[in-house]
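Me: I am new to this structure and would like to learn how to read its features one at a time. Could you take me through them slowly?

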Amino acid sequence: MQSVLRTTPSVATRNPFLGSTLSYRVTPAAPVSSTGPVRMVATMAKKKGVRIIVTLECTEAKLENGTPSRYCTQKNRKNTSERLELMKYNPNLRRHTLHREIK
């Protein structure tokens, strides 16, 4: 890899839109010694914090031996430490039913 500065003669490029000339110098990169310390850089996404993805399952369909509907949503673990319970629509029963968080 080469860095932006080079000891060879400068190179000039012309910008046709601005009519100005841009010159720069490029230098070869310094040789890397195999005995020196190696720095590995891994860029990963940051964690979003305390939000987790939970699955909500219908409780009434389980009691009636029907097909339970499931929904996926997010919750904040700090604000809602207990299990989440929401009224959601069950398309199999065709009505709004109580859905509880499952593991």
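Me: Which ring does the charged end of K88 sit over, and how far is that charged end from the centre of the ring?

Reply: Bearing in mind that this is a predicted model, the ring is that of Y71, and the charged end of K88 lies 4.8 Å from its centre.

Me: How many aromatic pairs does the structure hold?

Reply: The general idea is that a pair of aromatic rings is described by the distance of the centres and the angle of the planes. In this predicted model, the number of aromatic pairs is 0.

Me: Where is N90 found, and which residues does it touch?

Reply: N90 belongs to strand β5, which covers residues 85–90. Leaving aside residues up to four places away in sequence, N90 touches C58, A61, T67, S69, R95, T97 and H99.

Me: Is N90 buried or exposed?

Reply: N90 counts as buried because its relative accessibility is 0%, and the cut-off for that word is a relative accessible area under 20%.

Me: How should I read the cysteines, and how many disulfides are there?

Reply: The count of disulfides comes to 0. As for individual cysteines, C58 is buried, since its relative accessible area is 0%, whereas C72 is exposed, with a relative accessible area of 62%.

Me: What is the phi of N65, and what is the phi of R94?

Reply: The general idea is that most residues other than glycine have a negative phi. Here N65, which is not a glycine, has a positive phi near 55 degrees, and R94, also not a glycine, has a positive phi of about 60 degrees. N65 is placed in the loop between α1 (60–63) and β4 (70–76), while R94 is found in the loop between β5 and β6 (95–102). N65 is exposed, because its relative accessible area is 73%, and R94 is exposed as well, with a relative accessible area of 69%.

Me: Which strands does β3 pair with, and in what sense do they run?

Reply: A general point to keep in mind is that in a regular strand the side chains alternate between the two faces of the sheet. In this model, strand β3 (residues 51–58) runs antiparallel to β4 and is joined to it by 7 bridges; within that pairing, I53 has Q74 of β4 as its bridge partner. Strand β3 also pairs with β6 in the antiparallel sense, over 4 bridges, and there the bridge partner of L56 in β6 is E101.

Definitions and conventions: Residues are numbered from 1 along each chain as its sequence is written. This is a predicted model: local features need pLDDT of at least 70, side-chain atom pairs count only at pLDDT 80 or more; totals for chains, interfaces and linings use all residues. Side-chain values use heavy atoms; hydrogens and water are left out. Helices (H or I, at least four residues) and strands (E, at least two) are DSSP runs, numbered from the N terminus. Buried means under 20% relative accessible area, exposed over 50%, partly exposed in between (1.4 Å probe, protein chains only). Contact means heavy atoms within 4.5 Å. Rings of Phe, Tyr and Trp (its six-membered ring) pair if their centres lie within 6.5 Å; planes under 30 degrees apart count as stacked, over 60 as edge-to-face and the rest as tilted. A charge sits over a ring if NZ of Lys or CZ of Arg is within 6 Å of the ring centre and within 35 degrees of the ring normal. A disulfide is a pair of cysteine sulfur atoms within 2.5 Å. Two strands pair if DSSP finds at least two bridges between them.
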